[in-house]
Amino acid sequence: MLYNSFEFIRLLLITFCLYYFPGVGRWQVPLLIIASLLFYAYGQADLLWLLLLSVLINILTSYFVVFGRQSLRKTIAICGVVGNLSILCFYKYGPLLGETFFPSGTALGEWLVSLPLPIGISFFTFQGISLIVDTYRNREVNEYRTLIARSLIKHARTVLLFKAFFPQLIAGPIVKAHFFLPQISPKLLKDVQWEYCFRTLVLGYFLKMVVADNLKDYTVLMTYPYFETVSSFTLIALLFGYSMQIFADFAGYSLIALGLAALFGYRFPINFNFPYMATSFSDFWRRWHISLSSFLREYLYIPLGGNRRGPVRTYINLLLTMVLGGLWHGAAWSYAVWGLAHGLALAGERLVRDYIRLPRASWLQAVKVVLVFGYVTFAWLLFRLPDFDHVLAYGRSLFMNSRKPHEVLSVGFIAVYSIPVLAYHWFYLLRKQGANQQALSAQWPHLDVAINSFMLFMIITNSGSSSTFIYFQF
Amino acid sequence: MRKTLLVTFLLLVVYSSWIHKFGHTISRSAQTIEQRNIVKAEEFLYESKQNFDTLILGSSLSSRLLLDSLPNGCRDLSFGGLSAREGLQLITMSDRTPKLILIEINTLSLPKSDFLSNVADGSYWQTAKKYLPFFRQKYQPVGVLKALVRDWHYGKTRTIIPETAFRVDSAVRQRTIYEFTSHQQTQADSEFRCIFGEIKNQVNLLRQRGASVVFFEVPTEAELQTLPVARQIRRYICEYFPEPAYTHIKLPQEPYVTTDGIHLTYRDSGRFTAYLKQQLEGSMMLANTNR
């Protein structure tokens, strides 16, 4: 169910009205659970059982990690994590393994290749792992223990909501248990922060429906064999456009998720923080898909040893984390290469930083922003073209197609639809230079209203053809 | 929030007034092929002032025909990447019936797209589009801006022919031919019977509403015209719509040049349009429609 579909709006309105209906207080959580399951089942009813199985594993393991026999707690936690990962590996990577290791025509190979990809599996699996690990780590901390209800039914309800809450069910943000569980309590209509919800939803829908959905119609030229017919300049413009599109798509989705959750009284952490202004690769990963990068750091990089076991081990840990992070995005080797490219960039950056001390001049910061953006943008090619041969062919065309015709109109539209993303990042510069929100409002008192009205007007009149969010496939 | 909603409402009112006053001067505002298809369909459904005697249904192959060379009242309802089936569905859904319908047969074997569900799904969304034109794709501000800039730059009356209509890309042409000829299979007869059964029902309905129907084929590269699937389509056309009950315009004998293997060059589009016109006149169809 798309966030901009009539079906979703209908579901949202009904759920919202019932949720705050007087006297419904104690039914709020079950109501959200039912709405979330309907939301999931609308897209993939036949795989709803898998979501429920995953939830069941997490309910039982997290419960017995706290209330089970002392000597078995570690084993239970490990079993829970392995259970979560097994479901993810089987459904997500089964087809890739089938393609890679079983010759076509064999029954097992074909069966593996034909496995369906459950929507949002990567997200709800990671949330499950977060629940088990957080619970295991904090099993002796009183404050956290109180979040795990003594009654198994009550605990099941909490976990079901945590994993299936519809604003974040399909494409995140990946909310950690220690962040979400304390928020589960009765909510009142008067506590809804309408202004926050409205702004977040308008910006989110604008980025998704106006920017990303329109850009996708031009970046389709990046697919094989179309890219072979256009000029090198057009190919660079397309890469730039895709970089803008993927940001608008995912940041837009995350903002919508934040706004929707806030309507029901829940807060999610921000997922994007002006990523294209990053001055280093580590800075980029602190700004892009923050919930994933912090998950990888907290639950993978640090347990692997982080940077505590010497430089060589640090580089290996970085590479391993990023390759696995890349594979998390999709079951294709190009995603692993994408992760490796980022891992190499992070490792290289650390190596340079260890030996060379660069001055903090502002021109150098600008150069760094351009370099990081350029590298990140070229790396998106591995996202757009999961077939590695096509990536190489695109790279070749970048050099060979200088005499091919320019797609002037497409380049023009890419430029137009990229303006909002650039303006959004420009706002970061203003903020960095000390022009905070209040100062801007004082200087242009109606700026906020003008921007929000313009965005709402464009959502109504200039939305692109609707499509799923890019991150739904992960 | 209230201020924002109020200002947005005002913006919509102002824009609606602008569309009401100047909307008829906007043309070719679509930004992509998909959008061009939707704009065509929406114009057909909602702009009731537009008159036409002849409708051309087909794919991007037909959209290159030079309508200026055909008599007034001839309108192109062909959709890029799709087939005449979508056009037929659109006419049967609407209450408008042209006097003559020209159906391009080249791409009839393509699976039917669901793009019409975005245009005319019979819901309140369709009603909203009918009465509030700013919901239509044609009036998307960025597209309108494009149209205004283009008209200002090139002049309103000038027809702009895309560069691609002149450029013969031999490499692409060869590859297209190779890709088509390497798939020599025909489609399953059951599938074809289903497709042609549906077309037959729609055609009969339109004939009952007073329309004449003519089938034609746009020339492509010689190698592609003899593909098994192309022969299969011709065979089914003859079986389901036999002459003389239905009019068929045969492929011209002379070779035609394409830019990419399937789409005619601008010059040859003109040649084929002239041929089509001559054949139609020959079969007295135009005479009937011009009565």
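An axis here is a line fitted to C-alpha atoms, for a helix over the stretch in contact. Keep that in mind for the first stop. The model on screen is predicted.

**Stop 1: two helices in chain A**

Select residues 194-219 of chain A, helix α11, and residues 447-461 of chain A, helix α22. How do their axes cross? They come within 9 Å and cross at roughly 45°. Angles from 65 to 115 degrees count as roughly perpendicular and those under 35 as roughly parallel. α11(A) and α22(A) are therefore oblique to each other. The crossing of α11(A) past α22(A) is left-handed.

Now show the side chains at the contact. On α11(A), pick A:R199, A:V202, A:L203, A:Y205, A:F206, A:M209 and A:V210. On α22(A), pick A:N452, A:M455, A:L456, A:M458 and A:I459. Colour them by class. Ten are nonpolar, one is polar and one is charged.

**Stop 2: the two domains of chain A**

Zoom out to chain A as a whole. Its domain assignment gives domain 1, residues 6-191, and domain 2, residues 194-473. Colour each one separately. Their C-alpha centres lie 27 Å apart.

Look at the boundary. There, 25 residues of domain 1 of chain A are in contact with 23 residues of domain 2 of chain A. Which elements of domain 1 give two or more residues to this side? They are α1 (6-19), α4 (73-101), α6 (121-137) and α9 (166-169) of chain A. Highlight α6(A): the largest share comes from this helix, with five residues. By class, the domain 1 side has 17 nonpolar, five polar and three charged residues.

**Stop 3: a loop residue, A:A149**

Select A:A149. It sits in the loop between α7 (142-145) and α8 (152-164) of chain A.

A:A149 and A:Y63 are 86 residues apart in sequence, yet 8.3 Å apart in space, C-alpha to C-alpha. Leaving out residues up to four places away in sequence, A:A149 touches A:K154, A:H155 and A:T158.

**Stop 4: a helix residue, A:I246**

Move to helix α12 of chain A, where A:I246 is found. A:I246 has 22 C-beta neighbours inside 10 Å, so it counts as buried. Next, select A:V211. A:I246 and A:V211 are 35 residues apart along the chain. Their C-alpha atoms are separated by 9.8 Å.

**Stop 5**

Most residues other than glycine have a negative phi, and most peptide bonds are trans. The next two residues go the other way on phi.

Go to A:F274, in the loop between α12 (232-263) and α13 (281-287) of chain A. Its phi is near 50°, a positive value in a residue other than glycine. A:F274 is partly exposed, with 18 other C-beta atoms within 10 Å.

Follow the chain to A:H289. This residue is in the loop between α13 and α14 (290-301) of chain A. What is the phi of A:H289? It is near 40°, again positive in a residue other than glycine. A:H289 has 22 other C-beta atoms within 10 Å, and so is buried.

**Stop 6: chain B**

Switch to chain B. Show it as a cartoon to see 13 helices and five strands. The chain has 291 residues, and buried residues make up 33% of them. Take the contacts in chain B with a separation of 6 or more: residues 24 or more positions apart account for 78% of these.

Now select B:E243 and B:P244. A cis peptide bond joins them, with omega about 0°. B:P244 lies in the loop between α11 (228-240) and β5 (247-249) of chain B.

**Stop 7: where the chains meet**

Bring both chains into view. Here 19 residues of chain B are in contact with 17 residues of chain A. On the chain B side, α1 (2-22) and α7 (141-154) each supply at least two residues. Which helix gives the largest share? Select α1(B), which provides seven residues. Colour this side of chain B by class to finish: ten residues are nonpolar, five polar and four charged.

Terms used:
Residues numbered from 1 in each chain as written. Chains lettered and ligands numbered in written order. Predicted model: local features only at pLDDT ≥ 70, side-chain atom pairs only at ≥ 80, totals over all residues. Axes fitted to C-alpha atoms, helices over the stretch in contact; angles between N-to-C directions. Helix = DSSP H or I, 4+ residues; strand = E, 2+ residues; numbered from the N terminus. Parallel < 35°, antiparallel > 145°, perpendicular 65-115°, else oblique. Left-handed = near helix turned anticlockwise from the far one by under 90°. Contact = placed C-beta atoms within 7 Å. Nonpolar A, V, L, I, M, F, W, Y, C, P; charged D, E, K, R; others polar. Domains from an automatic or database assignment. Buried ≥ 20, exposed ≤ 12 C-beta atoms within 10 Å, placed from the backbone.
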